[in-house]
Amino acid sequence: MAFLDVLLGLIAGGALILVGRRWGGDSRRFYGAALFVAALVLLLFALIGGQGRDVWLEAAGLALFGAAAWWGQRTPLLIAAGWLAHIAWDVLLHPLDSAGYVPPWYVWACVGFDLLVGVYLLLKFRRRE
């Protein structure tokens, strides 16, 4: 099951990259905004099904990844690092074997998504700097 979830994330990440290449304009803004939205989705999960502690934790994550997106406008590698750090956020904070406020399939899909987008941006932004 986890393999299919990661594959789903890879496909969705590939779709984001295709959209970014076609319509993303300034890719730093596009991928920075997408990173912010990824953190926002987790906050929404916490607001719907989490406890108070979960909401505060995800709000802190939104601030952290929002800061990476913001500062990444000047230093684009921070956006790539934000996507790669989001993998650790997903896996360490959302148990893969429990029915927490984030569905297990979503966590695995995020691993594939974040990995593909993060590596793509790391390679893309390294060539520019």
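Keep in mind that the model is predicted.

Let's start inside. The largest nonpolar core has 27 residues. Which of them touch the most other members? They are Leu16, Tyr31, Ile79, Trp83, Val102, Val117 and Leu121.

Set aside its neighbours within four places in sequence. Ile79 is then in contact with Arg28, Tyr31, Gly32, Leu35, Ala68, Ala69, Gly72, Gln73, Leu121 and Phe125.

Now the surface. Phe3, Leu4, Leu7, Leu10 and Ile11 make a nonpolar patch of about 500 Å². Phe3 sits in helix H1. Is Phe3 buried or exposed? Its relative accessible area is 63%, and the cut-off for exposed is over 50%, so Phe3 is exposed.

On to the rings. There are six aromatic pairs in the structure. One of them is Phe30 with Tyr31: centres 5.0 Å apart, planes at 90°, so edge-to-face. Phe30 is partly exposed, at 21% relative accessibility. Tyr31 is buried, at 1%. Together with Tyr120, Phe30 and Tyr31 form one aromatic cluster.

Next, Phe45 and Tyr106. Their ring centres are 5.0 Å apart and their planes stand at 75°, so this pair is edge-to-face. The pair links distant parts of the chain, with Phe45 in helix H2 and Tyr106 in helix H5, 61 residues apart. Phe45 is partly exposed at 22% relative accessibility, while Tyr106 is buried at 18%.

Technical notes:
Residues numbered from 1 in each chain as written. Predicted model: local features only at pLDDT ≥ 70, side-chain atom pairs only at ≥ 80, totals over all residues. Heavy atoms only, no water. Core = buried A, V, L, I, M, F, W, Y, C linked by side-chain atoms within 4.5 Å. Buried < 20%, exposed > 50% of the residue type's maximum accessible area, 1.4 Å probe, protein only. Contact = heavy atoms within 4.5 Å. Patch = residues over 30% accessible without salt bridge, like charges linked within 9 Å, V, L, I, M, F, W, Y side chains within 5 Å. Areas by Shrake-Rupley, 256 points an atom, 1.4 Å probe, with all protein chains shown as cover. Salt bridge = Lys/Arg side-chain N within 4 Å of Asp/Glu carboxyl O. Helix = DSSP H or I, 4+ residues; strand = E, 2+ residues; numbered from the N terminus. Phe/Tyr/Trp six-rings, centres within 6.5 Å; stacked < 30°, edge-to-face > 60°.
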